[in-house]
Amino acid sequence: MARLTMREAISQALWEEMERDPKVFIMGEEVGVWGGTYAVTKGFYDHFGADRVRDTPISEAAIIGGGIGAALTGLRPVAELMTINFAFSAMDHIVNEAAKMHYMFGGQMVLPLVIRTVGGGGRQLGATHSQTPDAIFAHFPGLVVVAPGTPADAKGLLKAAIRSNDPVMFIEHATLYQTRGEVPEGDYIVPIGKSTIQRPGKDVTIVTYSKMLELSLKAADQLAKEGIEAEIVDLRTLRPLDMDPVIESFKKTNRAVIVEEGWKSYGVGSEITARIYEEAFDYVDAPVKRVAQKEVPLPYNRTLEQSAIPNVEDIIQAVKEVL
Amino acid sequence: MEKKEYLDLYHQMVAIRRMEERAAELYQQGKIGGFLHLYIGQEAVSTGLIAPRTPDDRVITAYRDHGVAYNCGLSAREIIAELLGKATGCSKGKGGSMHMADVKKNYWGGHAIVGAHLPLAAGLALGDLYSKTPGVTICMFGDGATNIGYFHEALNLSKVWNLPVLWVCENNQYGMGTAVDRASAVSDIRKKADGYAILNDEVDGMDVLAVKEASAKMLEEIRAGGGPRFLEINTYRFRGHSMGDPERYRKADEVHRYQENDPIGMFRKYLIAAGIASEEEIVKLEDVIEEEVRDAVEFAENSPEPAPEELYTNVYFETY
Ligand SMILES: Cc1ncc(C[n+]2csc(CCOP(=O)(O)OP(=O)(O)O)c2C)c(N)n1
Ligand SMILES: [Mg+2]
């Protein structure tokens, strides 16, 4: 197995899928000549050509709306939104079209569309460019929302997303691109809609995904030094949500901390917490704790911004509070 | 125009250039974070454009906003302090490079979602129309921004409601790495205004006096109740889109060709050749500007960080 960065893993998945299936193509801002704002599609334009690596104008609604239309004809577009903050400019097409068309027309219309995008804060980009609004998209039935936390999952899930016949929001994290990990070669598929245990433990369950997986693993390492064994469940797919590993783990540990980067109110943690209470109330030994972003638009100032997004200390403290 | 006015234009352009150069250094030193979109090469655009505005006129722009802020009367101190995220910055260190504003100076920001501020500009203009206040709204945006729906909705609305707004496209030939003709169905961008029956013109954005004249004329027409106008200002950005742009999309030759028409160098030559100022006077002014920017950096570096409680202020106006 090769040790790849997240960037390389995503790039590899895209490349292999484009080699495998001529119906797969990329469209988005700066995906071609520039090579991708985050360099994920570097070299694609020269290799696959301008027909399959299509630079678009700054027209998010047309990128997603156009992606939907092309998908309806049987193509498999990977429509890229440069960052998730620009998804709001395409919200109508994501929410009112992509998420509903298969259902609303009685199953006639099929949308093998991937919306590749990237979110997350911590880079001093200010309030409009630092959001983690994953939960908003996970609100809509009909939309699949995937957010990998490791290079291997990124590769396997992106391949699964491209082969899926449903519209998939594939949410990457801007500060994970350099993260390295073992990535299986070739046709490696990770099924959509399956949560997984990233670290076994018996004392407390940490439920998380994406960037916060990295922080949770660090927190777990430190807790282990104090004799506390945290089990980490990585959701990987936010919708459809696979609660089985969460509930199984919780029945063992009876305590849980949910860690997400987005805001706490109406967030992923709210959903997971409610589900634990609904599905495993008899196993609750302590109130479930949520670690999430402070309820403010993210400021530019580095210290202020860092104080608003969850860190390893916050996770450790929350774990200690439920023990 | 009086000598003082000429020198004032020169002062503004050079101050912007020096600020941006220092900003690039501060970025390299890690003192500025996030994105940093420099205005180097485009100084004559906002300087000429904003020169004829009255204090009633509002200005709103995109994220390439430091120079515009200076032209609107914000000090180099509060601009650099904002870049450093300090409490003394114009947005208290909360906005950063892309989100600068000073409402008291009728400078309405600094907006980082491409094209999203155009409908806002229509609303600002509606405010003046509705309240019968005399202001005109000057709305600046890039060539790339003319391809997003917001642009078209805002232009249409401005014409339908006869809003006092001056639409200004800063055509610097690229939106990030995408050349105008690769992204826009018409590369003559001002023709898009024809689609909304908005009178339009274009001007050389490397010539500060030409920009000023074009701006003054349109502002007057709008002020007289003529409704919206559209001005395309042709310019070029000498640096990358933001810091760390690999610039694979253009050749060094092309950049050099434009740099030969440096708006500051050309205006400097003109001032001397036309006998408006002597070389000596100009050098003296340049020293003053150098000092102004040096002082601003020092001020910003010595300014306090925002207090930790600032994280929670300004989320809402009301207390709940
Ligand atoms: C809605 C939206 N899409 C994409 C971006 C990312 N982006 C920032 S600047 C830019 C290019 C804008 O080009 P132009 O309007 O010509 O302005 P310039 O940078 O040349 O001044 C892009 C694509 C954004 N900020 N907002
Ligand atoms: Mg441009």
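## Exercises on a two-chain predicted model

In H10(A), the buried residues are A:Val268, A:Gly269, A:Glu271, A:Ile272 and A:Ile276; buried means that 20 or more other C-beta atoms, placed from the backbone, lie within 10 Å of a residue's own, exposed means 12 or fewer, and partly exposed is in between. This is a predicted model, where local features need pLDDT of at least 70 and side-chain atom pairs count only at pLDDT 80 or more, while totals for chains, interfaces and linings use all residues. Residues are numbered from 1 along each chain as its sequence is written, and chains are lettered from A and ligands numbered from 1 in the order in which they are written.

**Exercise 1. Work out how the buried residues of H10(A) are arranged around the helix axis.**

Step 1. Find the helix: H10 of chain A covers residues 268–280. Helices here are DSSP runs of H or I with at least four residues, strands are runs of E with at least two, and both are numbered from the N terminus.

Step 2. Look down the axis. The buried residues of H10(A) fall within an arc of 160 degrees, so they line one face of the helix; the arc is taken from the directions from the helix axis to the C-beta atoms.

Step 3. Recall the helix geometry. An α-helix has 3.6 residues a turn, so residues three or four places apart point the same way.

Step 4. Turn to the other side of H10(A), where A:Ala274, A:Tyr277 and A:Glu278 are exposed.

Step 5. Check the packing partners of the buried residues: among them are strand S10 (204–208), helix H9 (244–253) and strand S14 (289–293) of chain A. Contact means that the C-beta atoms of two residues, placed from the backbone, lie within 7 Å.

**Exercise 2. Describe how the two domains of chain A meet.**

Step 1. Take the bounds: domain 1 is 2–183 and domain 2 is 196–322, from an automatic or database domain assignment.

Step 2. Their C-alpha centres lie 26 Å apart.

Step 3. Count the contact: domain 1 of chain A gives 25 residues and domain 2 of chain A gives 22 residues.

**Exercise 3. Which chains surround ligand 1?**

Step 1. Ligand 1 has 19 residues around it, with B:Val114, B:Gly142, B:Gly144, B:Ala145 and B:Gly175 the closest. A residue counts as near if its C-beta atom, placed from the backbone, lies within 6 Å.

Step 2. The surrounding residues come from chains A and B, so the site is shared between chains.

Methods: Expected span 1.5 Å × (residues − 1).
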